[in-house]
Amino acid sequence: AVKAMALGGSSEALMNIDNMSRKFKNKQVRAAAGESLANAADALGITTEELADKIVPDLGFDKNLCREFDYGSRQFKVYITPSLELECFNGDKKIKTLPKPGANDDEAKANAALADFKEMKKQLKNVITAQRARLEYVLMCDRKWTAEKWNELFVDNAVMHCFAIGLIWGVYENGRLGTTFRYMDDGSFTTSDGEEFTIPEGAQIGLIHPIELTKEQIAEWSEQLEDFEITQPFDQLKRPVFLPTAEELEANTLSRFDGVELNSLTLVNKMTKLGWYKGYAEDAGFFYYFYRDDFSKRTKNPDGTVSQEGFGVLLTFSGASVVVYDFEGEEVTTEKLIFCKAGSNIGYYDKDQKGWLKISEVSDRYFSEIVMQLSAVLAPKEKEE
């Protein structure tokens, strides 16, 4: 079914498939979505990340964030605001929503316009949900855009323009953060102290993570957002930050979640909701770990092979039955957290530990995001930094 959706080729279908490939409870469906998206990207000669950018619909809004609906005798303008809400106008008068067609309207035009408006509202809701999740995932995986590609996505597309206004961006060089900036609704750029900013040619642009900022920088940006009455589309500046200790940096397992006891059904539900998967069934139909792979970059090589970069992580626990016979679940105990290269497919019984990474080899933001996720599920032994 997923592959059939991809063959349809519509932006909406591909956007939904992209969302499924990033976060879907069923492993087979997620794999099928990822494969379908990769095939579509290969056919266009671009990466899956570039395809995900191209398929974000603008829903008919122009660069002024406006879409007009024609009733024949009356025309209504609908604007999408920086807070991703809709504002409707009849001339200069703001109205709550588009009205029902009246006696003086062109019946066919008015009915078609109202139907288009209702459909657009439904699509906008789906697009906002999908892009909010995608950008938060981008934050974790640390994806970068060239200045040209960033402009194509966040300036030229009205919906993504509104997302861009509420987020804080950074110019990166060799993976290191340089200047931070914000995109303004008038098309200009500003720094945290209110100075006008120009994006350098050839710049690499990415979403900043608070782990990269000082407390003073976070305070400055938070104050600016508050002054402009901007609500971030997801918690970027306010998200908690977690850092490894000096002892943890030299280890290849993280033990701060060891020994947490909870119900197996609770653990499964919470972990799958966050995009983790149950490990493979072993003896007696039990599984002993959850895992996830997060690819930050996919590149098609000249010889036709595909290179992928990113990190993966595996959480071991005392074990639970893959098939739930007791709807009340059972008590389980969490154990080690193991990081690896994405796609390593390390297992619980990988005694040689070939695929394991030292925590010092894991990016700070990926470490922080994973610990943040598990802190929402488990009771950590250590507090955030």
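How many disulfides does the count come to? I took a disulfide to be a pair of cysteine sulfur atoms within 2.5 Å. By that rule the count is zero.

**Ground rules.** I am working on a predicted model, where local features need pLDDT of at least 70, side-chain atom pairs count only at pLDDT 80 or more, and totals for chains, interfaces and linings use all residues. Residues are numbered from 1 along each chain as its sequence is written, and side-chain values use heavy atoms, with hydrogens and water left out.

**Cysteines.** I looked up C88 and C340. The closest cysteine sulfur to that of C88 is in C66, 10 Å away, too far for a bond. For C340 the closest is in C141, at 13 Å, again too far. I scored burial by relative accessible area: buried is under 20%, exposed over 50%, partly exposed in between (1.4 Å probe, protein chains only). C88 is buried at 2%, and C340 is buried at 4%.

**I95.** I found I95 in strand β4, residues 93–95. Helices (H or I, at least four residues) and strands (E, at least two) are DSSP runs, numbered from the N terminus. Contact here means heavy atoms within 4.5 Å. Leaving out residues up to four places away in sequence, I95 touches F76, C88, F89 and N90.

**Cores.** I defined a nonpolar core as a set of buried Ala, Val, Leu, Ile, Met, Phe, Trp, Tyr and Cys residues joined through side-chain atoms within 4.5 Å. The largest has 71 residues; L98, L135, W150, F154, W169, F181 and I199 touch the most other members. Helix α5 (residues 107–141) gives the largest share, twelve residues. Another core, of 33 residues, lies apart from it and includes Y137, M140, L254 and L357.

**H209.** I placed H209 in the loop between β9 (204–207) and α8 (215–227). H209 is buried, at 0% relative accessibility. I counted as a polar contact a pair of N or O atoms within 3.5 Å; within protein, one must be able to donate a hydrogen and the other to accept it, and residues adjacent in sequence count only if both atoms are side-chain atoms. The H209 side chain makes one with the side chain of E369, at 2.8 Å.

**Helix α10.** In α10 (residues 264–273) I found S264, L267, V268, M271 and T272 buried. Down the axis of α10 its buried residues fall within an arc of 110°, so they line one face. That arc is taken from the directions from the helix axis to the C-beta atoms. At the start of α10, a side-chain oxygen of N263 reaches to within 2.8 Å of the backbone nitrogen of L265. G275 follows α10, with a positive phi near 95°.
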